[in-house]
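Visitor: I would like to learn how to read a protein model step by step. Could we begin with a pair of charged side chains and work outwards from there?

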Amino acid sequence: MSGLSSYLLSTLSKVGGIGGSGVPDFHFTIGDKIEGATGNSIWELHKALSTDGKREATVFVFEKTRGSSYTAVAQNALKRMRTLRHPGMLRYLEGAETSDAIYIATERVTPLTLVSLDSDDSNSELKRWGLYKVAETLRFINEDCKLVHANVSMASVFVTKAGEWRLGGLELVDVLSGDPAGSQIYRHYTAAVPGYAAHMTPEMQSQSWSNVESGKPGAIDGWGLACLIYQTYNGVLTTASQLHTQGSIPKLLWPMYQRMLVTDLRRRTTPGEFLQSASRPQSFLDSAFIRTSLFLENIAVKEESEKTEFFSGLASVIEEFPHSYCKYKILPELLKVMEFGGGGAKVLGSIIQIGKGLDEEEYNELVSPAIVQLFGSNDRALRFSLLEHIGSFITAIPTNIVSKKVFPDFVTGFLDAAPAIREATVKASLAIAPKIGQKALNNDLIKQLVRMIADPEPGIRTNALICIGKLCTAKKGVLNLEDDGVSETSQRYVICPALLQALRDPFPPVRSASLAVANACAARWDPADIARRVIPAVSLMLVDGERPVRVAAFKAINAMVARVETHSQTMPDTAIKKTVPDPSASTTVASSSAKERQADAAVASMNAQTEAAANMAAVSDGWSGWAVSSLSSTISGALSLASSLPIGQQQQQQQQQQQQQLERQQSAKFAQPTGVVRAASTPAKPSNFKPLSTATAVPTTLEASDAQSGWEFNDDDWDGNDGFASDGNGWDDNDDWGPEDTVQSSEPAASPISPSTAQLSFVLSSGGMAVSSTAKPSATAAATTLPAVSQIPVTKTALRLSKPASKKHGVSDSNGATSMAAGASVAGTQQRRKGLGAMKLGGGSKAPTLPDDFF
């Protein structure tokens with residue numbers, strides 16, 4: 001049955017039947033009882049919450065079992081709460097009456113009797129504002145509604161979360177003169193109100209109802225307002241005689257307070273008269289706090305010029321206001337203004353200032369939704385104010401909201417046409433960076449800041465560099481960037497090139513900032529990049545025309561050199577890799593040929609030379625000495641090895657046969673076109689080459705002709721009939737170019753020498769570079785008898801332009817093949833071309849002339 005009852009109760013509450021508390025047509029769940037409120041009123045106060053959970057409330061509960069007189073005043077209070085509405089009155093939400101009780105739900109309030117009324121400045125302003133609101137509400141009841149409250153005291157005043165006072169206690173409210181006469185409830189049921197005798201007016205005590213009806217409408221409530229003032233400043237009121245003691249009542253308020261205690265109803269000050277008198281300039285109710293509160297309450301009917309003036313001075317006075325009042329009263333009013341597009345940046349400054357005192361939950365509930373919406377505004381003044389104060393509110397907004405809703409609108413500031421917006425956006429980057437993910441930081445924010453280094457405004461370029469440096473060197477506790485912050489890829493490929501570009505900026509502070517950022521970021525850069533790219537660029541700043549730039553450059557380059565030096569100490573002594581023979585190859589050594597064994601020996605010798613060179617580098621004073629020694633040692637070793645290798649008779653015969661076959665194949669082909677330079681990797685052997693025995697020494701000089709070495713150097717058929725003869729155009733025969741000399745070698749035959757004494761020499765010939773070995777006779781060689789080596793005639797030919805061989809076609813041998821060597825020798829004996837004018841620029845080579853019997 002209990003489960004069925006709960007189901008029926010919840011169902012009826014949804015359709016407007018029984019509420020969450022089990023009361024019909026009452027949609028509030030009654031909670032805990034407010035202790036301390038019992039005894040000052042006929043009501044029991046409970047905390048409550050609406051059934052939808054969206055609204056907090058206070059529920060006044062009256063049990064009808066207390067008696068008929070109490071029930072009458074409770075029913076009168078419910079009636080007046082439903083019909084009377086005023087900003088200074090307790091806000092009515094919902095009411096219900098059953099056979100057992102009466103329920104009244106109002107806004108969440110606390111009885112004034114339970115609120116501490118200290119004498120500090122904040123409470124002083126709240127007291128003034130509270131008395132103003134009570135007096136204004138009483139004037140509304142007396143003058144506009146023609147009613148009498150008749151129960152004004154501290155027990156009938158309640159305080160909201162903002163610290164504002166609300167007037168309640170409507171149990172005795174009634175008309176001044178009723179019909180039938182004497183039916184007013186305040187005439188018969190004053191005894192039902194606890195503690196009413198202490199603040200009862202003299203005429204009500206004497207029951208002079210005729211004087212009451214003939215007096216001012218608000219005379220009775222004027223007396224009650226005086227009692228409230230006494231209780232506010234002096235505490236508990238037990239007897240009427242205490243009212244004539246000033247105590248802590250302010251001096252400005254004391255004269256007006258005394259006039260409200262006059263026994264003559266015609267001279268007694270009413271709440272309306274008190275309000276008018278106390279609101280005069282330099283009077284008790286004339287303060288910035290009250291003026292600000294009144295303007296916010298009536299802002300909907302104010303002119304635009306009045307709003308602009310008000311919001312301009314709001315930020316300067318808002319710091320003196322009580323925090324609770326700013327949070328629950330001023331802030332909601334300002335948010336309403338912003339919601340409807342009023343106030344602009346000036347209102348935003350006040351909102352942000354109030355938001356500083358809010359905790360995270362309150363901020364997310366009250367401020368965050370409005371600020372997120374403002375980032376999409378096109379008002380530049382509003383955007384500038386948002387960017388200027390972003391550090392004070394961005395930390396309270398959740399990260400996911402910043403990334404999805406705020407940051408996309410934030411980055412548009414980098415592209416704004418106004419320099420002030422761009423600069424404010426750059427500065428605000430440090431505040432928003434911790435609230436976005438690492439992906440957005442590296443892909444969007446850093447790239448936007450790098451782009452701002454090329455901004456037309458020098459101040460923006462400087463600030464962009466400073467922001468980049470702070471983001472790259474941010475530590476935990478400073479910016480609290482996610483993960484590792486700026487990635488190494490962004491620093492190496494995005495930031496580093498931008499800094500090097502900024503070093504050429506004409507604005508000196510930009511160069512100084514770039515050097516400072518480079519110095520700070522160098523710890524995360526690759527040492528190789530620093531040595532190859534950064535240090536050469538920074539070194540130019542060492543002689544900059546501005547002293548601050550030079551100082552920053554020296555500081556940066558010293559730090560970078562130290563970084564590179566530290567890295568170099570961890571590098572190996574040499575980058576040359578040693579060639580280690582494969583151990584598995586030892587099984588095939590026995591079956592390898594003599595040529596393979598010679599190659600292995602040569603490799604081993606080269607490795608030995610390389611190792612020796614590396615050892616020399618370790619003790620050498622400089623790299624240049626090592627390089628020269630290593631080169632000479634390597635070449636000498638290679639030459640000695642080549643000179644000492646034996647050549648078998650069979651191998652020499654095979655080489656001779658291969659050479660003869662190669663010559664026959666070449667003779668079968670037609671001559672190559674002139675004007676073409678051909679290069680062979682290995683020079684061809686001369687036709688009179690004879691194999692040498694093992695004991696034969698290396699000739700003194702061995703040089704191949706052009707045709708033998710495979711090299712040709714033609715000049716595109718330059719002859720005397722090419723149009724560049726001496727014809728008076730400045731190219732005559734007076735150029736000292738004589739005929740080419742053909743010199744036969746007159747050197748004697750070389751004496752036999754030992755291979756161990758051979759050295760390397762280079763002879764530059766017209767056909768290319770020929771390697772020959774020359775040596776001095778040694779003592780051991782003289783004792784050895786070796787066969788004489790026939791003298792090889794050598795033509796000393798300089799590297800020059802020669803007549804094309806295609807004109808002479810060489811000399812045909814018995815097989816009809818053209819001898820290129822003979823053609824070259826004939827061309828060598830002809831006269832050299834006269835004058836430099838014989839040079840033919842841009843001419844193509846002529847087709848070669850072929851013999852008749854070629855086809």
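Guide: Let us start with a pair that lies inside: aspartate 544 and arginine 511 are both buried. Please keep in mind throughout that this is a predicted model.

Visitor: How do the side chains of aspartate 544 and arginine 511 meet?

Guide: A salt bridge is a side-chain nitrogen of Lys or Arg within 4 Å of a carboxyl oxygen of Asp or Glu. Here the side chains of aspartate 544 and arginine 511 form such a bridge, with 3.0 Å from N to O. Aspartate 544 sits in the loop between α24 (527-539) and α25 (547-568), while arginine 511 belongs to helix α23 (residues 508-521), so the bridge ties together parts that are 33 residues apart in sequence.

Visitor: How many salt bridges does a search of the whole structure find?

Guide: The search finds 24 salt bridges. One of them joins glutamate 297 to lysine 133, and their closest N and O atoms are 3.1 Å apart. Since glutamate 297 lies in helix α10 (residues 288-297) and lysine 133 in helix α3 (residues 121-144), this pair ties together parts that are 164 residues apart in sequence.

Visitor: What does the salt bridge between arginine 267 and aspartate 264 look like?

Guide: Their side chains meet at 3.6 Å, N to O. Arginine 267 counts as exposed, at 58% relative accessibility, and aspartate 264 is partly exposed, with a relative accessible area of 26%.

Visitor: How should I read burial for the whole protein chain?

Guide: Apply the idea of accessible area to every residue in turn: of the 855 residues in the protein chain, buried residues make up 40%. The secondary structure of the chain comes to 31 helices and 14 strands. Among contacts between residues at least 6 apart in sequence, 65% join residues at least 24 apart.

Visitor: Which residues touch the most other members of the largest nonpolar core?

Guide: That core has 173 residues, and those touching the most other members are Trp43, Ile229, Phe274, Phe410 and Leu445. Helix α7 (residues 219-234) gives the most to this core, with 10 residues. Looking closely at isoleucine 229, and leaving aside residues up to four places away in sequence, we find that it touches Leu131, Ile249, Leu253, Tyr257, Met260 and Phe274. There is also a second, separate core of 11 residues, which includes Val23, Phe28, Ala48 and Ala105.

Visitor: Where is leucine 261 found, and what does it touch?

Guide: Leucine 261 is in the loop between α8 (254-259) and α9 (271-278), and at 7% relative accessibility it counts as buried. Beyond residues up to four places away in sequence, leucine 261 touches Trp223, Ala226, Leu243 and His244. Leucine 261 and cysteine 227 are 34 residues apart in sequence, and their C-alpha atoms are 8.9 Å apart in space.

Visitor: How can one look for empty space inside a model?

Guide: Rolling a probe the size of a water molecule over the atoms shows where empty space is left. In this structure, a search finds 5 cavities of 30 Å³ or more. The largest cavity holds about 210 Å³ of space. Its lining has 22 residues, of which Ser41, Trp43, Gly169, Leu170 and Glu171 lie nearest its centre, and the elements that give two or more residues to this lining are α2 (68-83) and β5 (101-107). The lining divides into 12 nonpolar, 9 polar and 1 charged residues.

Visitor: Which residues line the second largest cavity?

Guide: Ala37, Asn40, Ser41, Leu45, Pro111, Thr113, Ala155 and Phe158 line the second largest cavity, which holds about 60 Å³ of space. Its lining divides into 5 nonpolar, 3 polar and no charged residues.

Key
Residues are numbered from 1 along each chain as its sequence is written. This is a predicted model: local features need pLDDT of at least 70, side-chain atom pairs count only at pLDDT 80 or more; totals for chains, interfaces and linings use all residues. Side-chain values use heavy atoms; hydrogens and water are left out. A nonpolar core is a set of buried Ala, Val, Leu, Ile, Met, Phe, Trp, Tyr and Cys residues joined through side-chain atoms within 4.5 Å. Buried means under 20% relative accessible area, exposed over 50%, partly exposed in between (1.4 Å probe, protein chains only). Helices (H or I, at least four residues) and strands (E, at least two) are DSSP runs, numbered from the N terminus. Contact means heavy atoms within 4.5 Å. On a 1 Å grid over the protein atoms alone, a cavity is a set of points where a 1.4 Å probe fits but cannot get out, and a pocket is an open set with protein on both sides within 12 Å along at least five of seven lines; lining residues have an atom within 4 Å of a point. Grid points are joined across faces, edges and corners, and a volume is the space filled by probe spheres set on the points. Ala, Val, Leu, Ile, Met, Phe, Trp, Tyr, Cys and Pro count as nonpolar, Asp, Glu, Lys and Arg as charged, and the others, Gly among them, as polar.
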